[in-house]
Amino acid sequence: MRVLIISNLVSGLKTGAIHDFCRYFTKDGDELTLRATSGRSKIEDMLRDASEFDLVVAAGGDATIGAAAYELRNSDTPLLPFPAGTANLLATNLGTPEEPSALARIARALKTEHFDIGELVYRQGDETITKGFDVIAGAGYDAAIMRRAERLKERLGPMAYFAAAISEPNPKVANFTVTLDNEVLNIEGIAVLVINFAQIFPDLSIIHGNDAKDGLFEVVVIKKQHPVELLPALFAAFLDAMGNFPDRADAFEVRHSAHVLVESDPLLELQFDGDTPGATTPFEAHILPSAVRFVVA
């Protein structure tokens, strides 16, 4: 089996688990090619010959895997998301194990399913940038949390996001104009989330009925102005997962759309799959239906 492995050397806790994966996976006759990046080498360059391999493994955080998935879009080349980041939200949504031995087993089995991914378009200076994302893109409070968490990840791991949220007690309120397929929303809030996969913890989803195969985003405007006011909505989300609490608190405005344009006054910081590129609103997001073939457990 010919396997191309893309490894982000600076993702997560840098445990080197990808090398354990190679040891567990390799059998007689296999050819494993490992290409590493610390951020300077571009993932799209590393995947230039991906079609010549039976499997691509992307080891890193959600942004690394999202970049690989976007580069492999519509190619039908199977991609194994190897959760080596801090939050690993895609792995949570797919039910992908974290142990290298278990990942080696599902890579060998090569069971796959097609999923939607997102395409993000934004301006950075005078340049128009196009990127892919698998899980969530957004602007506002979520981006501020991601930016603050970046410097805490190595010390706190996943708890960095909670620490960052606590340190951002008064998120900026903005007037959003959200243009959807069939509607324009003018609404005040602290963030807009464009969601492909909705789980943020096992058994805890931001919204109901998420389906990353339906050709639509869930577009969520977070309306409450203080983070404490979001707790009832998150508590409802947890109970909803168990089927015991059918109602949501009124913190979220939710729509479904294949194409989204988000504008805000004032301008707000942007994030996608946990990456904060230093750009701001406006941004556009487009769904790419069934564009990637993920290896699943």
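Is Phe272 buried or exposed, and what is its relative accessible area?

Mentor: The model is a predicted one, and in it Phe272 has a relative accessible area of 5%. The cut-off for buried is under 20%, so Phe272 counts as buried.

The ring of Phe272 has a partner. Tyr122 and Phe272 make an aromatic pair with 6.3 Å between the ring centres and 40 degrees between the planes, a tilted arrangement. Tyr122 is in strand β5 and Phe272 is in strand β16 (residues 270-272), so this pair ties together parts of the chain 150 residues apart in sequence. Tyr122 is buried too, at 3% relative accessibility.

A search of the whole structure gives six aromatic pairs. In one of them, Phe115 and Phe294 have ring centres 5.9 Å apart and planes at 45 degrees, so that pair is tilted. Phe115 is buried at 8% relative accessibility, and Phe294 is buried at 0%.

Other rings are grouped elsewhere. Phe21, Phe25 and Phe82 are joined into a cluster by ring pairs. Two of these residues, Phe21 and Phe25, are among the buried residues of helix α1 (residues 17-25), together with Ala17, Ile18 and Cys22. The five span an arc of only 155 degrees around the axis, which places them on the same side of α1. The general rule is that an α-helix has 3.6 residues a turn, so residues three or four places apart point the same way. The cover over the buried residues of α1 includes β1 (2-8), β2 (31-37), β3 (55-60), β4 (78-83) and α5 (100-109).

Rings also meet charges here. The charged end of Arg23 lies over the ring of Tyr24, 4.7 Å from its centre. For Arg73 and the ring of Tyr70, the corresponding distance is 3.9 Å.

Charged side chains pair with each other as well, and the structure holds nine salt bridges. In one of them, Arg108 meets Asp30 at 2.5 Å, N to O. Arg108 is in helix α5 and Asp30 is in the loop between α1 and β2, 78 residues apart. Arg108 is partly exposed at 27% relative accessibility, whereas Asp30 is buried at 17%. Another salt bridge joins Asp49 and Arg35 at 2.8 Å, N to O. Asp49 is in the loop between α2 (43-46) and β3, and Arg35 is in strand β2, so the bridge ties together parts 14 residues apart in sequence. Asp49 and Arg35 are both buried.

As for the setting, the protein chain has nine helices and 17 strands. It has 297 residues, of which 52% count as buried; Phe272 is one of the buried ones. Among contacts between residues at least 6 apart in sequence, 71% join residues at least 24 apart.

Conventions
Residues are numbered from 1 along each chain as its sequence is written. This is a predicted model: local features need pLDDT of at least 70, side-chain atom pairs count only at pLDDT 80 or more; totals for chains, interfaces and linings use all residues. Side-chain values use heavy atoms; hydrogens and water are left out. Rings of Phe, Tyr and Trp (its six-membered ring) pair if their centres lie within 6.5 Å; planes under 30 degrees apart count as stacked, over 60 as edge-to-face and the rest as tilted. Buried means under 20% relative accessible area, exposed over 50%, partly exposed in between (1.4 Å probe, protein chains only). Helices (H or I, at least four residues) and strands (E, at least two) are DSSP runs, numbered from the N terminus. A charge sits over a ring if NZ of Lys or CZ of Arg is within 6 Å of the ring centre and within 35 degrees of the ring normal. The arc is that of the directions from the helix axis to the C-beta atoms. Contact means heavy atoms within 4.5 Å. A salt bridge is a side-chain nitrogen of Lys or Arg within 4 Å of a carboxyl oxygen of Asp or Glu.
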